[in-house]
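Please have the sequence and the model at hand while reading. The paragraphs below proceed from backbone geometry to strands, core and cavities.

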Amino acid sequence: PPPAVRGGSCAAVRHPPLMQNTGAARGGKRAAPAGAGAGALQPAKLSRAELYKPPTSEELSQLKETEDLFHSSLLRLQVSRGGPGSRRWPRSAPLRLTDQAWLPKGVKVPFLQVPFSVKGRFRFVPPTELKVVGSYLLGTCIKPEINVDVAVTMPREIFQDKDNLNQRYHRKRALYLAHIAQHFSKEKLFGSVKFAYMNSNHLKPILLLRPQGKDEKMVTVRLHACPAPGLFKPIRFYPSKNNVRTAWFMEQSTPKEGATEPPTPHYNNSILCDTVLLSHLQFLSSAATDFPGMKDGLALLKVWLNQRQLSKGLGSFSGFLASMLVAYLLMKRKIVKMMSGYQVLRSTLQFLATTDLSVTGISLVKDADASLPVLDDFHQAFEVVFVDPSGLVNLCADMTASKYHQVQFEAKRSMEILDDRMVDGFQVLLMTAKPMLRAFDHVFHLKHVSKLQGACKKMQLLNELMDRGGNYVAAALPFIVSLLARGLAGRALLVAHSLPEIPEWPIDAEPPKHKDVGPLMFGLLFVPEFAASLLEKGPQADHPEALDFRTFWGEKSELRRFQDGSICEAVVWEADTVYQKRLIPEQIVKHLLKLHADIPESSICYMGALLELSVCPQVSGTGEEAMVSVVCSYDDLSRKLWNLKGLPLTVTAVQGVHPALRYTDVFPPIPMKPIYSSYNRIRTKHLLLPLEEKPCPAYIAPLKIVCHMEGSGQWPQDKGAIKRIKAAFHLQLAELLQQQHQLVCRPAVTHTDVYKDGYVFRLQVAYHRETLILKEVVTPEGMLKYQDTEESRQLELETLHLPYLTSSLHGLQQQHPVFGSTCRLAKRWVSAQLLSNNISEECVDLLVAFLFLHPAPFTPPSSPQVGFLRFLDLLATFDWKNNPLIVNLNAGLTGEQAIKNRFVAARSRLPVMFIATPKDQWSSMWTQEQPSAQILQRLLMLASESLRAVEEQLMDPLNSQDVKMVFRPPLEFYDVLIHLNPTQIPRHLESVDRPLKSFSRGVVKNSTSVKILFPVVDYDPVQCYLQELRDAFSDLALFFYDKHGGEVIAVLWKPLSFQPQPFKVSSMKGRMVTTLNSELVCVPNVEAILEDFEVLGEGLVKSVEARTEKWTI
């Protein structure tokens, strides 16, 4: 008896080999008896021995493939046979190419037939063979998209002699696919049948088939039509040859006399690509045999490309290109078959980083053949050159030089990251997405791509248009990018563009037009030192290059005399504030595109700094200048303090601690002078008190400065005595500053306020041993020991840690000019979300510092907006639970691993948000108390939502950008809202949406007055009210407020405090007695509490609105 059929596998029952040339012999087994129905397949006759012999390795691999991918042999058979009954597809009668009435209504030709009239005839004949090609067979497919590429060979008999000309081949190919699509659309087997452009190239439609049911998302079969082998002579398609006639393209009846036809290299390349599909597969599979590392290396490379948005669209660095590059490196022995996936990734990135294919192309041709075109021919025709093994096809034909330079830049950056011991390279390179919005300092959109038609006209790109089949986006893009790159040379490291991408479409729809790629996006990466320079200096007036410079810059160029006496062409840009200087690139972009490409300013949506303006509505610019003048005034005051005569001890150090002195204050103080009519004057004490009937006076922030006094044996060793000595110093400092520098001072026990240049500085004397003395504790046995107390901690923070942090961040601002503005945006956002009381300013400053000190995989931000987007991303994606955030200020840390190990060991005792710095490695002092786990959770959720919302707006140039949206907090989350009276909010003008009505706040802007009466400093009634609320009700509720002019205090009840408590006289605050199950219990008396809110805030509170009924017990 025959052996048992093994395991029910279809291997045992021999199907005719599936992937063989299904049409190889039209005779043979196929010749059926006349009665058997003309094209029906006959079962193959196999002897018994043949039927049960063990499967060959090839068949086993096919079975594996069937099992993995097709879930059934039936589907496999049908795809490989071209669908059920493909042999019975009727041949059609030959018709003119333009006669397309035979197509049924449900299918449109997937090709833009412009101009429509073309010679040639077409008829449908079933394909001669189908072959699986592409990455699926090599096993280098990566999710999420599994594509199986099938090459459908069109028979020779449907072609004619001159099909290489005037898109005839392309149109036949499109009609052929349309015919197949029409048949497949009737099959129940396929869930969807659609058209797409291969790599978004309009000349190359393909057919997409997806299985029915739940597998539809799993796999896509892509049908590529290709010509019968040997149909075309390769020499016709060399890069220098012409295959599109001008007269035909321009629809002229006769060609011009004596005009030469331009070469059409991209057109030629698109036909050649179809002829080499199979040879590329063979080439790659020979590279991949016995090379397991290639599979892993390619998977890593593809992920790397996907994360950088480089692998999809017209002119992308596709996965196929990556495979060919690895094969090239193998051929050149830069990679050997012993290597692991990681080594393959490294070697490939190293090669990309060091080789510029736009200057020196590479070729996969093994043996030189004199008849083939040389690399120089390719360089003349294409921007980037990588020639395939046949020596005919440029694999990078559609890539722009700019896109390759971006790939090169990314590879260089990635090599630096892989070599950096401090960075987790895998996480950073392969797990972090780099969308253009977060990777580039400025982005702008070309809103209306159709404007590039005019650009092609202006730049005289007719030849390019013919070559690209009328695709004006592809024709103009390389010229637009190189124009911008020249205009921004010196300012920008990189000028990049998004890849034009066209989505698939249903077979009954018209094919997408060129303008359907949607807005194009450009990204600029700046050289921070030169990005904002006002001057473009050109050549000397008498040099021949001067004319070229004038032509390039147009009427903006003018002659100028420089200090060294030379007279040169130059362009000077208008910009007064730091903010405007950052936007000089916008002026350049708009000017050059208008001048050279006829693109109007209205078509350019420049998104470089939308966020900055919306948040800092300072009178002049964004307040960066105000910050500089504060720092200048502080420097002058510290010099005066150093040189004071008549102090018993000298000043050893003066250190600023206010955020304005490290450039990170959201709204830097503006020089003020009080208007006396708004105040009640107390002459005897030279003081002003606010009048009750007037609006609350403007908030005057005291700028805190720590004054360290030298040590001496005369200092007492008792904490009470030290405080008195410090008070004496405060009095004496005030007296001496008044005598020697005529500054108005107001001493107090704990500090002295100094009015200078319109600012109020608050001096606080410090003695270096005081913290130690505060730590002294005497034990009952009379022993003296040292331990941290609340008081000593607070003093250490104010006199030691804060000054160090301020000076470190001040230094960071000198290296990265946008650090301060990024912090200010971040803090404004935190405050706008009502969380400024729950996360300290210092904590936000450190989070932002992390982005500048550890930017991998990016470069440090050079615009506040991109810094802010990365801040939101850091908050939302950092794993706070399992990792400490290590901020290496002044490069003072070496043992990062030790911090991580210690962190893991002590996790449960540490704050939920742990930030380590060189001077604070174990305690995370800035996040010790706040935020709590719930607040951190809320912060992360708000950050990820805000990031999504703001990126959505920045990516959508066709709608109006209201980026302030993410600075308006959602209030539906809270239980009670306390509405405040705007006249009593001193910082009312700082709110996100500028109030329509403003009040006179009793001050005028003035930095020159010397003799004044002292106004009330640091007076914000809302903060006083909040403090009272928290003191009274912190066990029952949480209070949230935007300190920058918020009109609402939001209240959230604590759920635990609403559980009934047993009755105790001592714990009756805010509670009332009630009976529950015949027992006396206390529950919060909500009505009375709400009334208390109003009573406590009389004159400040407008109304109390109870939003929810959550407190019903």
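**Backbone, sheet, core and cavities**

E251 is exposed, with a relative accessible area of 59% (exposed means over 50%, buried under 20% and partly exposed in between, with a 1.4 Å probe and protein chains only). The model is a predicted one, in which local features need pLDDT of at least 70, side-chain atom pairs count only at pLDDT 80 or more, and totals for chains, interfaces and linings use all residues. Residues are numbered from 1 along each chain as its sequence is written, and side-chain values use heavy atoms, with hydrogens and water left out.

Most residues other than glycine have a negative phi, and most peptide bonds are trans. E251 is not a glycine, yet its phi is positive, at about 55°. This residue is found in the loop between α6 (246-249) and α7; helices (H or I, at least four residues) and strands (E, at least two) are DSSP runs, numbered from the N terminus. S924, also a residue other than glycine, has a positive phi near 50°. At 1% relative accessibility, S924 counts as buried, and its place is in the loop between β29 and α31. P931 lies in the loop between β29 (915-916) and α31 (933-954), and the peptide bond from Q930 to P931 is cis, with omega near -10°. A cis peptide bond also leads from A856 to P857, with omega near 5°. P857 is found in the loop between α28 (841-853) and α29 (864-877).

Turning to the strands, an open sheet is formed by six of them in the order β3-β4-β7-β6-β5-β12, with mixed pairing (two strands pair if DSSP finds at least two bridges between them). Its edge strands are β3 (129-133) and β12 (505-506), each of which pairs on one side only. Within this order, β6 (residues 205-211) and β7 (residues 219-227) pair in the antiparallel sense over three bridges. The bridge partner of L207 in β7 is L223. Elsewhere, β15 (residues 558-561) and β16 (residues 567-572) run antiparallel and are joined by four bridges. E558 has A570 as its bridge partner in β16. β15 and β16 form a hairpin with five residues between them, and G565 in the turn has a positive phi of about 90°.

In soluble globular proteins, nonpolar side chains tend to be buried together. A nonpolar core is a set of buried Ala, Val, Leu, Ile, Met, Phe, Trp, Tyr and Cys residues joined through side-chain atoms within 4.5 Å. The largest such core has 148 residues, of which L207, F317, F386, L452 and I480 touch the most other members. Apart from it lies another core of 76 residues, among them M521, A849, Y974 and A1050.

A cavity is a set of points, on a 1 Å grid over the protein atoms alone, where a 1.4 Å probe fits but cannot get out, and lining residues have an atom within 4 Å of a point. By this rule there are 16 cavities of 30 Å³ or more, where grid points are joined across faces, edges and corners and a volume is the space filled by probe spheres set on the points. The second largest cavity holds about 90 Å³ of space. Its lining includes N201, H202, H266, D398 and R468. Helix α7 (residues 265-275) supplies the largest share of that lining, three residues.

How values were computed:
1 Å grid on protein atoms, 1.4 Å probe; cavity = no way out; pocket = protein on both sides within 12 Å on 5 of 7 lines; lining within 4 Å.
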